[in-house]
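Q: I have a protein model open and want to learn how to read it. Where do we begin?

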Amino acid sequence: MNKAFVKESDQDDDEEAAALALAIPAGSKNYIRPEGYQRIKDELLQLIDVDRPEVVRIVHWAASNGDRSENGDYIYGKRRLREIDRRIRFLTKRMDSAAIVDPSVHHGSDQVFFGATVTYCNQHGETRTITIVGIDELDPLNGKISWVAPVARALTKAREGDVITFQAPHGVEELEILEVSYPAPAAD
């Protein structure tokens with residue numbers, strides 16, 4: 001089999017990395033909550049200590065079987081190894097650029113900052129609760145939005161009872177902040 005058919009390009013990786021890098025505004029820090037940082041660290045350690053050694057073992061075994069050109073275990077193992085190495089590089093860069101912010105320092109405050117859980121009502125009477133988190137913690141289906149999202153930027157520094165306006169995709173929207181809360185500080 002010709003190597004042209006099994007060789008993969010790293011161009012897709014470069015495009016993916018560039019797209020992810022664009023998610024953090026230029027000159028800004030990569031803000032993240034302690035639990036988000038720990039999740040990234042746990043994933044990185046899982047990849048380094050468990051997943052990568054297992055794939056290396058499989059690739060080594062497959063390579064010892066002889067002809068590598070039509071050896072599926074070898075070909076797909078090498079591909080999986082590249083994916084793991086790419087993810088390790090990405091997570092390492094994210095951890096290096098992370099600025100860990102503990103939202104519990106604002107416990108009891110009624111002003112919106114990074115890490116706040118905000119309940120607001122729009123002009124249609126719809127109530128929504130969101131938590132402002134880091135880019136790497138984003139989970140919109142569970143109400144966790146990135147601090148760079150337009151609604152998060154509009155809410156930042158506002159207080160309970162304030163009515164703010166922001167440019168939503170479907171036009172200008174007014175939001176009334178009903179409640180702002182932060183996690184309680186950890187007991188030492």
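A: Start with burial. A residue is called buried if under 20% of its relative accessible area remains. This model is predicted. Of the 188 residues in the protein, 33% are buried.

Q: How do strands in a sheet hold on to each other?
A: Strands of a sheet pair through backbone hydrogen bonds, and they run either parallel or antiparallel. Here, five strands make an open sheet. Read across it as β5-β4-β3-β7-β6, with mixed pairing.

Q: Which strands are at the edges?
A: They are β5 (144-146) and β6 (163-168). Each of these two pairs on one side only. On average, neighbouring strands of this sheet are turned by 45° against each other, ignoring direction.

Q: Can we zoom in on one pair?
A: Take β4, residues 127-133, and its partner β5. The two run parallel, joined by three bridges. Find I132 in the model: opposite this residue stands I145 in β5.

Q: What share of the contacts with a separation of 6 or more joins residues 24 or more positions apart?
A: Contact here means heavy atoms within 4.5 Å. Among contacts with a separation of 6 or more, 59% link residues 24 or more positions apart.

Notes: Residues are numbered from 1 along each chain as its sequence is written. This is a predicted model: local features need pLDDT of at least 70, side-chain atom pairs count only at pLDDT 80 or more; totals for chains, interfaces and linings use all residues. Side-chain values use heavy atoms; hydrogens and water are left out. Buried means under 20% relative accessible area, exposed over 50%, partly exposed in between (1.4 Å probe, protein chains only). Two strands pair if DSSP finds at least two bridges between them. Helices (H or I, at least four residues) and strands (E, at least two) are DSSP runs, numbered from the N terminus. Axes are lines fitted to C-alpha atoms, for helices over the stretch in contact, and angles run from 0 to 180 degrees between N-to-C directions.
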